[in-house]
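Here is a short briefing on the model shown below.

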There are 2 protein chains.
Amino acid sequence: MAGLRAKQKADRTRRILEAATTLFRREGYDSARIEDIAEMAEVSVGTLYNYYQNKGDILVATVAMEVTEVLEGGARIVANPPLNAAEALRTLIGQYYDHSLYYLSKEMWRTAMAISIQQPDTPLSRRYTELDGQLCAQVIRLVETLQARGVVQAGVDARAMGELFFNNLNMMFIEFCKVDAMPLEELKARVNAQHEPIAALISSIKIV
Amino acid sequence: MAGLRAKQKADRTRRILEAATTLFRREGYDSARIEDIAEMAEVSVGTLYNYYQNKGDILVATVAMEVTEVLEGGARIVANPPLNAAEALRTLIGQYYDHSLYYLSKEMWRTAMAISIQQPDTPLSRRYTELDGQLCAQVIRLVETLQARGVVQAGVDARAMGELFFNNLNMMFIEFCKVDAMPLEELKARVNAQHEPIAALISSIKIV
DNA sequence: GAAAAAGATTGAACGAGTTCATTTTTTAAG
DNA sequence: CTTAAAAAATGAACTCGTTCAATCTTTTTC
C-alpha cells in the first residue's frame with residue numbers, strides 16, 4: 001500500500017473540485033459557502049484549505065480545465081482553417097465563444113476574470129494568464145497559417161495583428177459577461193463587424 | 001435654514017471619499033479598513049454605508065474622477081492631433097497611460113477593474129463602464145479626425161478600427177497592472193509595436 | 001511490530017465587510 | 001413653540017472566508 005496517501009489526496013482534490021463546481025453552478029459563486037463545499041466533498045473546512053489556497057482558486061481551477069478544452073478545439077481549426085481571413089477568424093472565435101458557457105455561467109466567468117486581475121500572483125491566476133497567452137498564440141498562429149497559404153498578405157505583421165484580434169475578442173468577451181441579457185449571437189456579430197473590415201484590409205484577394 | 005440636510009450630505013460624501021482615497025493610497029485597498037475610513041471621515045460605519053453601497057464603490061468613485069480628467073486631456077489631443085496615424089495614436093494613448101498612475105496605484109486599478117467586472121450592476125460600476133465607452137468613442141473620433149484630414153484612407157471603417165485599438169490598449173493596460181514590475185515605458189512600447197503596423201496599413205501615404 | 005517522525009485533518013477562533021433595530025436629528029404641521 | 005413625521009446616524013451583532021494549535025493517520029526506522 002505504497003500510495004495510500006497519494007490516492008486519498010487525489011481523491012479529495014477531485015471531490016472538492018466537483019462539489020465546488022456543482023455548488024457554484026447551482027447557487028452562484030458568492031452564495032456557495034466554503035462550509036457547504038467542504039461538507040459536500042466530505043472534508044473539513046481546514047482540509048479544503050490544504051488543497052486550495054482560497055475560494056477563488058477553486059473556481060480558477062475549473063476555468064483552467066475549460067480553457068484547455070477550448071485550446072484543443074482551436075488547434076484543429078488552426079491546422080486546417082477556411083481559406084478566407086474573415087471566415088477563418090469567425091470560425092476560430094466562434095468556437096471559443098460557443099464553448100465558453102458550456103461549463104461556466106457568466107457570473108462564474110466574471111468572478112474568475114476578476115480574481116485573475118486582482119490577485120495575479122496566486123499560482124492558479126498565473127495559470128489563467130498563461131492559458132490566455134496560449135489562446136493569443138493560437139490566434140497569431142491562425143494569421144501565420146493564412147499568410148503561409150497566401151490568403152493574407154505577406155507584409156502583414158502576424159504577431160501584431162494576432163495580438164490585436166485576441167485582445168479585442170477577449171475584451172468583448174468581458175463586456176459580454178458583464179451584460180446578462182446579451183446573447184452569444186450578438187457577441188459574435190459585434191466582434192465579426194469589428195474584424196471583417198480589418199480582415200478585408202489584410203487579405204491578398206480584395207473583395208469588391 | 002432650508003438646505004442644512006443637503007449641505008451635511010454633500011460634506012459627508014466628500015469627507016468619506018477623501019478619507020478613503022488617502023487610506024487606499026497609503027495602505028493599499030485591502031489593508032484600509034472600513035472602520036478606519038469611517039473614523040477619518042468622522043462618521044460611523046453605518047453612515048458610511050448610507051453613502052456608498054460597499055467598499056468597492058468608494059474606490060470606483062475615485063477611478064471615475066480620474067478617467068474624467070483623462071477624457072479632458074484626450075479631447076485636446078483629438079481636436080488637433082499629429083498628422084500621422086501612428087504618432088497620433090501614440091500621443092493619445094500615451095496621455096491615457098501617463099495619467100493613469102497619477103492618483104491610483106496598480107493595485108487600486110486592479111481592484112477597481114475587478115469590481116467593475118464582477119459587480120457590473122452597481123451604479124458606480126455602470127459609471128465606470130460608461131466612462132470606458134467614452135474613452136472608446138474618443139479613440140474612434142481620433143480615427144475619424146485623421147480620416148477627415150486625409151491622413152487615413154477614406155475607405156477604412158473608423159468605428160471598427162477605433163474599437164479595435166481601444167480594446168487592445170485597454171487589455172494591455174490590464175496586463176500592465178497585473179505585473180508590478182512592468183514600467184510605463186514598456187507598456188507604451190509594446191502597444192506601439194502592435195499599433196504601428198496597423199497604422200501603416202490604413203495610412204493614406206505609405207511609408208517605405 | 002513498536003516507536004518516532006512526518007504529513008494531514010480538524011473545527012473553534014479570528015477578522016473584516018455588511019446589516020438593521022434603535023436612537024438622534026432635522027423638517028413640517030398645527 | 002410644541003409635537004408629529006420623516007430622514008439620517010449609529011454601533012453592536014452577524015456572516016463568511018480564512019487561520020492555526022491540537023489531534024489523528026500514515027510512513028519510516030530499527
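**Helix α8 of chain B**

Helix α8 of chain B covers residues 158-178, 21 residues in all. In this predicted model, its first and last C-alpha atoms are 30 Å apart, close to the 30 Å expected at 1.5 Å a residue. Burial is counted by C-beta neighbours, with 20 or more others within 10 Å as the cut-off. By that count 16 of the 21 residues of α8(B) are buried, so the helix is largely enclosed by the rest of the structure.

**Contact between the chains**

- Chain B puts 24 residues into the contact, and chain A puts in 24 residues.
- On the side of chain B that touches chain A, the elements giving two or more residues are α6 (106-118), α8 and α9 (184-202).
- Which element gives the most to that side of chain B? α8(B) does, with 10 residues.

**Fold of chain A**

- Chain A has 9 helices and 0 strands.
- Along the sequence the pattern reads α-α-α-α-α-α-α-α-α.
- The C-alpha atoms of chain A fill a box of roughly 65 × 45 × 25 Å along the principal axes.
- Chain A has 208 residues, of which 38% count as buried.
- Among the contacts in chain A with a separation of 6 or more, 68% join residues 24 or more positions apart.

**Packing of α5 and α7 in chain A**

- Helix α5 (residues 85-103) and helix α7 (residues 123-148) of chain A have axes that come within 11 Å.
- Their axes cross at roughly 155 degrees. Angles over 145 degrees count as roughly antiparallel, and that makes α5(A) roughly antiparallel to α7(A).
- Is the crossing of α5(A) and α7(A) left-handed or right-handed? The crossing is right-handed.
- From α5(A), the residues A85(A), A88(A) and L92(A) take part. They meet V139(A), L142(A) and L146(A) in α7(A).

**Backbone at position 42**

- E42(A) has a positive phi of about 60 degrees, although it is not a glycine.
- E42(A) sits in the loop between α2 (34-40) and α3 (45-51) of chain A.
- E42(A) is exposed, with 12 other C-beta atoms within 10 Å.
- In chain B, E42(B) also has a positive phi of about 60 degrees and is not a glycine.
- The loop between α2 (34-40) and α3 (45-51) of chain B holds E42(B).
- Is E42(B) buried or exposed? E42(B) is exposed, with 12 other C-beta atoms within 10 Å.

**T68 of chain B**

- T68(B) is part of helix α4 (residues 55-79) of chain B.
- Inside 10 Å, T68(B) has 12 C-beta neighbours, so T68(B) counts as exposed.
- In sequence, T68(B) and G150(B) are 82 residues apart. In space they are 30 Å apart, C-alpha to C-alpha.

Terms used. Residues numbered from 1 in each chain as written. Chains lettered and ligands numbered in written order. Predicted model: local features only at pLDDT ≥ 70, side-chain atom pairs only at ≥ 80, totals over all residues. Helix = DSSP H or I, 4+ residues; strand = E, 2+ residues; numbered from the N terminus. Contact = placed C-beta atoms within 7 Å. Expected span 1.5 Å × (residues − 1). Axes fitted to C-alpha atoms, helices over the stretch in contact; angles between N-to-C directions. Parallel < 35°, antiparallel > 145°, perpendicular 65-115°, else oblique. Left-handed = near helix turned anticlockwise from the far one by under 90°.
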